[in-house]
Amino acid sequence: MLLSIHELDKYMHLPSTTKYMQDKLILLGICDLPSCHLNSDEKLEVKCCIETMLREIIHDTILKYEALGGNIKETSKNDCKTHNKFFEYSDVPAVQWKNKIEDLILQCENDLLKYIYLMDKWNKLKYEDMNQAYLEKTGYLLLQAQVAELQAKITKLSCTIRMFKETSTTVDAFKILHQLVEKKLKMVTDEIRQKEDLKKLYDNMKDTEYDQVLLIYSQLCNAIKKKKHILDMLK
């Protein structure tokens, strides 16, 4: 069975000629089969047949491509441009590419050195020089506050000088205004003192019969206000 399968497999993969066969070909009991060389007409016919098949395959492929929305003309142009670019770059000597690569490597090394330098400087500023920077910033802010205070004093004095220089009667007007303010201040102070005395009297009346009467009076007043509010709503 195995020998039969081997013979069948050998005849299923026959070469085009008997020249390159290692074993002697025996087919159906016939030995030394004639060679299968093609003449020029047969080769031309095979060539034409293959070209026809290729044209049909290419035509079908183009139709499918255009049916899917493609444009064979633009694709051909792009292929030509890509082909030209490829040959354009392929004409560059290898030495020139080597020089470009070395320049890029050198630039990368320089960038890395700059990065290392900046990182070291940043670490130094962050962990070593920040205290000094904070102290300098504090001193600067203190000076700004002092300058602002002096500017406020200067502004106040300037306003005072301008007010006194407005008219010849400004000083008299300020004296009268000062007297009125003092008089009003005395009245307010006296009223505050009276209120404080009354508060002391009320405090002394706590936990007495007067306190109980005052509480009942307050409750009656609140009840009257609520009833008055209800009557106003019913009108």
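This is a predicted model: local features need pLDDT of at least 70, side-chain atom pairs count only at pLDDT 80 or more; totals for chains, interfaces and linings use all residues.

Colleague: OK. How many helices and strands are there in the protein?

Modeller: The protein has 7 helices and 2 strands. Read from the N terminus, the order of the elements is α-β-β-α-α-α-α-α-α.

Colleague: And what share of the residues is buried?

Modeller: Of the 235 residues in the protein, 1% are buried. Buried here means under 20% relative accessible area.

Colleague: What about contacts between residues 24 or more positions apart?

Modeller: Such pairs make up 0% of the protein's contacts with a separation of 6 or more. The protein exposes about 22,600 Å², and carbon and sulfur atoms supply 64% of that area.

Colleague: Switching to charges. How many salt bridges does a search of the whole structure find?

Modeller: The search finds 5 salt bridges. One of them joins the side chains of lysine 153 and glutamate 149, at 3.9 Å from N to O.

Colleague: Which helix holds lysine 153 and glutamate 149?

Modeller: Both are in helix α5, residues 130–165, and they sit 4 residues apart, about one turn of the helix.

Colleague: Why does that spacing matter for which way residues point?

Modeller: An α-helix has 3.6 residues a turn, so residues three or four places apart point the same way. Side chains of opposite charge can then pair when their charged atoms come close.

Colleague: Is that pair buried, partly exposed or exposed?

Modeller: Lysine 153 is partly exposed because its relative accessibility is 47%, which falls between the 20% and 50% cut-offs. Glutamate 149 is also partly exposed, at 48%.

Colleague: Which residue does lysine 186 form a salt bridge with?

Modeller: Lysine 186 pairs with aspartate 190, and their closest N and O atoms are 3.3 Å apart.

Colleague: New topic. What span does helix α2 reach?

Modeller: Helix α2, residues 40–67, has 28 residues and reaches 40 Å from its first C-alpha to its last. That is close to the 40 Å expected at 1.5 Å a residue.

Colleague: Which glycine follows α2?

Modeller: Glycine 69 follows α2, and its phi is positive, near 100 degrees.

Colleague: Last one. Which residues form the nonpolar patch on the surface?

Modeller: The patch is formed by Leu198, Leu201, Tyr202, Met205, Tyr210, Leu214 and Tyr217, with about 690 Å² of accessible area together. The elements giving two or more residues to the nonpolar patch are α6 and α7 (209–234).

Colleague: Where is tyrosine 202?

Modeller: Tyrosine 202 is in helix α6. Tyrosine 202 counts as partly exposed because its relative accessibility is 48%.

How values were computed:
Residues are numbered from 1 along each chain as its sequence is written. Side-chain values use heavy atoms; hydrogens and water are left out. A salt bridge is a side-chain nitrogen of Lys or Arg within 4 Å of a carboxyl oxygen of Asp or Glu. Buried means under 20% relative accessible area, exposed over 50%, partly exposed in between (1.4 Å probe, protein chains only). The expected span of a helix is 1.5 Å times one less than its number of residues. Patches are made of residues with over 30% relative accessible area and no salt bridge: like charges are joined within 9 Å, nonpolar side chains (Val, Leu, Ile, Met, Phe, Trp, Tyr) within 5 Å. Accessible areas come from the Shrake-Rupley method with a 1.4 Å probe; for residues, only the protein chains shown count as cover. Contact means heavy atoms within 4.5 Å.
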